[in-house]
Amino acid sequence: SQVLDRLIAYSRTHFASEEQLMEQTGFPDLAAHRNVHQQLLAEILQVARQLQFGDKPAFQPLFCRLRDSYIEHIEGSDREYGPWMNARGVS
């Protein structure tokens, strides 16, 4: 529970910062990227709700799914905006 709380707080802060930077630079796919962030956060919140209401999910598959989602996001969606930011002097 404590780990998930930290992950939720970190994700919200990270996503908000990233989206703010995209907004400031006029990133054209901001809406789609924001949607991916919302989906990732929804996954984490769903796991937290399961734990809160006493459901005992299998943790290993659950955390593997979350890890895979983050890796896919970082290696996919996040790499798309890197060149955009760099071209606008953000590094």
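Trainee: Why are helix 1 and helix 4 called oblique to each other?

Mentor: In this predicted model, helix 1 (residues 2-25) and helix 4 (residues 77-87) pack at an angle of about 40°. Angles under 35 degrees count as roughly parallel, 65 to 115 as roughly perpendicular and over 145 as roughly antiparallel, with the rest oblique. The angle of about 40° falls in the rest, so helix 1 and helix 4 are oblique. Their axes are 11 Å apart, and the crossing of helix 1 and helix 4 is left-handed.

Trainee: Which residues of helix 1 and helix 4 meet?

Mentor: Helix 1 brings Glu18, Leu21, Met22 and Thr25, and helix 4 brings Asp78, Tyr81, Trp84 and Met85. By type, the residues of this contact are five nonpolar, one polar and two charged.

Trainee: What makes helix 1 and helix 2 roughly antiparallel?

Mentor: The axes of helix 1 and helix 2 (residues 30-52) cross at roughly 170°. The cut-off for roughly antiparallel is over 145 degrees, and therefore helix 1 and helix 2 are given that name. Their axes come within 10 Å.

Trainee: Which residues make the contact of helix 1 with helix 2?

Mentor: On helix 1 they include Leu4, Ile8, Arg12, Phe15 and Glu19. On helix 2 they include His37, Leu41, Ile44, Leu45 and Ala48. The residues of this contact divide into 13 nonpolar, three polar and five charged.

Trainee: How do you know that His37 is buried?

Mentor: The relative accessibility of His37 is 2%, and buried means under 20%. His37 therefore counts as buried. His37 lies in helix 2 and, with neighbours within four places in sequence left aside, is in contact with Phe15, Glu18, Glu19 and His73.

Trainee: Why is Arg12 called partly exposed?

Mentor: Arg12 has a relative accessible area of 46%. Buried is under 20%, exposed is over 50%, and partly exposed is in between. The value of 46% sits in between, so Arg12 is partly exposed. Arg12 belongs to helix 1. Leaving aside its neighbours within four places in sequence, Arg12 touches Leu41 and Leu45.

Trainee: How many residues lie between Arg12 and His37 in terms of separation in sequence, and what is their distance in space?

Mentor: Arg12 and His37 are 25 residues apart in sequence. From C-alpha to C-alpha, the distance is 8.7 Å.

Trainee: What makes a set of residues a nonpolar core?

Mentor: The residues must be buried, of nonpolar kinds, and joined through side-chain atoms within 4.5 Å. The largest such core has 11 residues: Leu4, Ile8, Phe15, Leu40, Leu41, Ile44, Val47, Ala48, Leu62, Leu66 and Tyr70. Helix 1, helix 2 and helix 3 (59-75) each give two or more residues to this core. Helix 2 supplies the largest share, five residues. A second, separate core of five residues includes Met22, Phe27, Leu30 and Tyr81.

Trainee: What does Ile8 touch?

Mentor: Not counting residues up to four places away in sequence, Ile8 touches Leu41, Ile44, Leu45 and Ala48.

Trainee: How many helices and strands does the chain have?

Mentor: There are four helices and zero strands, and the order from the N terminus is α-α-α-α. The C-alpha atoms fill a box of roughly 50 × 20 × 20 Å along the principal axes. Of the 91 residues, 31% count as buried. Among contacts with a separation of 6 or more, 71% are between residues 24 or more positions apart.

Terms used
Residues are numbered from 1 along each chain as its sequence is written. This is a predicted model: local features need pLDDT of at least 70, side-chain atom pairs count only at pLDDT 80 or more; totals for chains, interfaces and linings use all residues. Side-chain values use heavy atoms; hydrogens and water are left out. Axes are lines fitted to C-alpha atoms, for helices over the stretch in contact, and angles run from 0 to 180 degrees between N-to-C directions. A crossing is left-handed if the near helix is turned anticlockwise from the far one by less than a right angle, and right-handed if clockwise. Contact means heavy atoms within 4.5 Å. Ala, Val, Leu, Ile, Met, Phe, Trp, Tyr, Cys and Pro count as nonpolar, Asp, Glu, Lys and Arg as charged, and the others, Gly among them, as polar. Buried means under 20% relative accessible area, exposed over 50%, partly exposed in between (1.4 Å probe, protein chains only).
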